[in-house]
Amino acid sequence: MKYTVAIPVYNDASSLEKCLHSVLNQTIGKDRLEIICINDGSTDESVDILNQYEGKYECVKVIHQENSGSPSGPRNRAIEEATGEYIFFLDADDYLGTEALARMEQKIIENNSDIVVGKYEGVNRKVPTAIFKRNPDCFPFIGSNALTSANAQKLFRVSLLRDHQITFPEHLALGEDQSFIVQAYAYSNSISLVKDYVCDYLTNDQATGRVQLTKRPMTGQTFVSPIKYCLQTIRELAVSEDKKRRIYHQYWRRIFQVELQAAIKRPLLLEDKKYIMHEFGELLREHQFETYYMLFTSQEKILVRLLEYGNINDIISYWYDERNGGNLEVYYDKVFPRLPKAREIAQIEGLSFHGLNTFSATIVGMEVKEDGLIVKGMLNHSHIQPTSQQLFLELVARNKEDTYLVPAEVVHHVSAYDFCLNNETRELENPLFFVCRVADEFFLRELADEIYDLKLISKVEQITSITRVSSQVQTNHSFEVTKQEHVRKIESYVTNHGNQSIRVKKASMKKQQTAEPTFNDKARGRIKKLLR
């Protein structure tokens, strides 16, 4: 199997040789390599370097052309010239791992995939990684999060690109990868991943003095242009209407996760931000979002509606709320977004947010007192910030139907209870703590030996959340409770899953020992005998 590596070159003299060496040193061997370098009007030493390598290596082919302003033109030229069965697009300031093509070839052999994505590693920059974490080694595009990785640095079957006339848009200088990737994903039979080997090192070569296009100042129109073009590309895909709706949905999810974040966090003028948000609303309507609206989650539906209505303050406030947690509240016994406009949308459409909140609790300390066992812990609602809640610690017998509820108190001043917290806990934002007392009466009941698992129950109005209590307590506690003829041995321990439990055992009564008589006691005894 032969591979073409396409390398657009524009004033990359500082990194070009490292890039070329990484390709020439691939373990598959030079006889199965074709390296097409497109000199896009370089004015530095790149031209001399390319000519030297072309003269030295038969597998290196150099094409010179006038500057086109983006990698799109050079990449399209490489697709036309490629003689390999697969083509990999590599930037001249990036480089491959030595086994990159061999590892990707193995995935082709195993899965016959049209596209193979090798693990990325960033050098002086961030790289997309979600695609490797949330998908199996081979998967179809529909239903995946593949669009979290929309860059061109992947291995593509050349016939896939040619048969469907998939090319890079040469009129775009930013975001040109997106429409190309969407088409390739949409028409592919499957996508394979190399997760266990770094295939591509994506760099920000600071020696060139160039600033990444995505980091340069831009207008709102420049920002939106590639998104408009990509949505138009989806509209023109030769696929079923159902598949097209799902592709629309997946691309909008990317917009919410990547482009919307960039629009909010980038230092853009207010006018540009307003323009972008307005255009998002227009694009949603233009591309008939209502036909795939049901595919979005409740949180995404709120975003869709906010973008449709176009109030920039509501959009940005909701976006930040979503990422900082505590954005839900219990309102009339239902869980809704906290922001008024988002809550209004959720109420009108009957959107459900109840399952979004996760409830967790952790024991951070246990202390034996005269009247019982004091349990100290930390609790957390992932999305709800209740102004008030009822708390109960529940002890559930593992081998029989026996439960015991203990009221718990929310603690706002942790130091008052002398909580021992690890560094990870201390770094949590706005943690809540609780304390409760398990009275001696619980342990002294007429019970056989038993194990009790600990759960914490939180009631916010009519919303009840229950969680198994984990533990930060490193040492086990053991003590005895005695009352009249009842004696219980209590042992707290942490299960293999890190959860807190309590073992209750019967203990035998210790016989009272008779004290040794004193000298005076003996004397009095002898006197009593004499008086008899």
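Arg75 is buried in this predicted model. Its relative accessible area is 2%, and the cut-off for burial is under 20%. Asp177 is likewise buried, at 13% relative accessibility. The two residues form a salt bridge, with the closest N and O atoms 3.0 Å apart. Arg75 belongs to helix 3 (residues 72-81) and Asp177 to helix 7 (residues 176-187), so the bridge ties together parts that are 102 residues apart in sequence. This pair is also part of a network: salt bridges with shared partners join Arg75, Asp91, Glu176 and Asp177. Across the whole structure, 29 salt bridges are found.

Asp137 takes part in two further pairings, with Lys107 and with Lys195. Asp137 is partly exposed, with a relative accessible area of 36%. Its salt bridge with Lys107 spans 3.6 Å, N to O. Asp137 sits in the loop between helix 5 (130-133) and strand 7 (138-139), while Lys107 lies in helix 4 (residues 100-111), so parts 30 residues apart in sequence are tied together. Lys107 is buried, at 13%.

In the salt bridge between Lys195 and Asp137, the closest N and O atoms are 3.5 Å apart. Lys195 lies in strand 9 (residues 191-203), so this pair links parts that are 58 residues apart in sequence. Lys195 counts as partly exposed, at 29% relative accessibility.

Asp449 occupies the loop between helix 15 (440-443) and strand 17 (450-460). Asp449 is partly exposed, at 49% relative accessibility. Beyond its neighbours within four places in sequence, Asp449 contacts Val504, Lys505 and Lys506. Asp449 and Val504 are 55 residues apart in sequence, yet their C-alpha atoms are 5.6 Å apart in space.

Key:
Residues numbered from 1 in each chain as written. Predicted model: local features only at pLDDT ≥ 70, side-chain atom pairs only at ≥ 80, totals over all residues. Heavy atoms only, no water. Helix = DSSP H or I, 4+ residues; strand = E, 2+ residues; numbered from the N terminus. Buried < 20%, exposed > 50% of the residue type's maximum accessible area, 1.4 Å probe, protein only. Contact = heavy atoms within 4.5 Å. Salt bridge = Lys/Arg side-chain N within 4 Å of Asp/Glu carboxyl O.
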